[in-house]
Amino acid sequence: MPDKRRTAAIIGGGVIGSGWATRFLLNGWDVRFFDPSPNAERILHPVIERGREAMPALCDVVPEEGSLYIASSTAEAVEAALYIQESTPERIEVKQAVLKSIQESCDANAIVASSTSGFMPSELQEGAIRPEQIIVSHPYNPVYLLPLVEVVAGKLSSDVVIAQAMAFYRQIGMHPLHVRKEIDGHLSDRLQEALWREALHLVNDGVATTDE
């Protein structure tokens, strides 16, 4: 069984989940990956290769890679993990069901983080087995390249979990940003939306064209 002290489980692939898997893997963590989609590995492996190409420019000494294991179920992926990242579709019922499945099999002391940009952690904690275990860790894309991650606690989140998560992100070369209050869109999406609104006003008022 993998060493829990350096094992991350990635539940849900796509661009974000694959980016998380790459970030942990290339920074020396063992990664256990699960996504039921038949296309999951076809997305994952090219992202890992792009991450490998980028690593020499991101650090002075390239760390020794961890091992990658493709799990056959959520339970198999999370049972040996100290850190778990959920990156499933942005539907609250899907995320809550997946988080329940994760908590049924994971260590009670593991960190369970969601990549969501659309939901607040308190929403994800509703009906959870151990709500204090769940946080939001919203990354920037591509995750293997951009180091910023927004870390958001819910009403029932443990301060210890937040501190441990931020320490783990620093270990894998990330810059964790502690968002101290739950707010729709966290920080980055709200700033992007403000810029988008201003761009629309500028086009509407004839200050600039859409292309410009």
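Leu 146 sits in the loop between β6 (134-139) and β7 (148-153). This is a predicted model. Together with Leu 58 and Leu 145, Leu 146 makes a nonpolar surface patch of about 220 Å².

Now turn to the loop between α5 (121-125) and β6, where Gln 133 lies. Is Gln 133 buried or exposed? Its relative accessibility is 2%, so Gln 133 counts as buried; the cut-off for buried is under 20%.

What does the side chain of Gln 133 reach? It reaches the backbone oxygen of Ala 108 at 3.3 Å. The side chain of Gln 133 also makes a polar contact with the side chain of Gln 103, at 2.8 Å. Setting aside residues up to four places away in sequence, Gln 133 touches Gln 103, Cys 106, Asp 107, Ala 108, Asn 109, Ala 110, Ile 111, Val 112 and Val 161.

In β5, its bridge partner is Ser 114. Ile 11 stands opposite Glu 86 in β4.

Which way do the residues of β4 (residues 83-86) point? Tyr 83 and Gln 85 point one way, and Ile 84 and Glu 86 point the other way. All four are buried.

Definitions and conventions
Residues numbered from 1 in each chain as written. Predicted model: local features only at pLDDT ≥ 70, side-chain atom pairs only at ≥ 80, totals over all residues. Heavy atoms only, no water. Patch = residues over 30% accessible without salt bridge, like charges linked within 9 Å, V, L, I, M, F, W, Y side chains within 5 Å. Areas by Shrake-Rupley, 256 points an atom, 1.4 Å probe, with all protein chains shown as cover. Salt bridge = Lys/Arg side-chain N within 4 Å of Asp/Glu carboxyl O. Helix = DSSP H or I, 4+ residues; strand = E, 2+ residues; numbered from the N terminus. Buried < 20%, exposed > 50% of the residue type's maximum accessible area, 1.4 Å probe, protein only. Polar contact = N/O pair within 3.5 Å; in protein donor to acceptor, adjacent residues only side chain to side chain. Contact = heavy atoms within 4.5 Å. Pairing = 2+ DSSP bridges.
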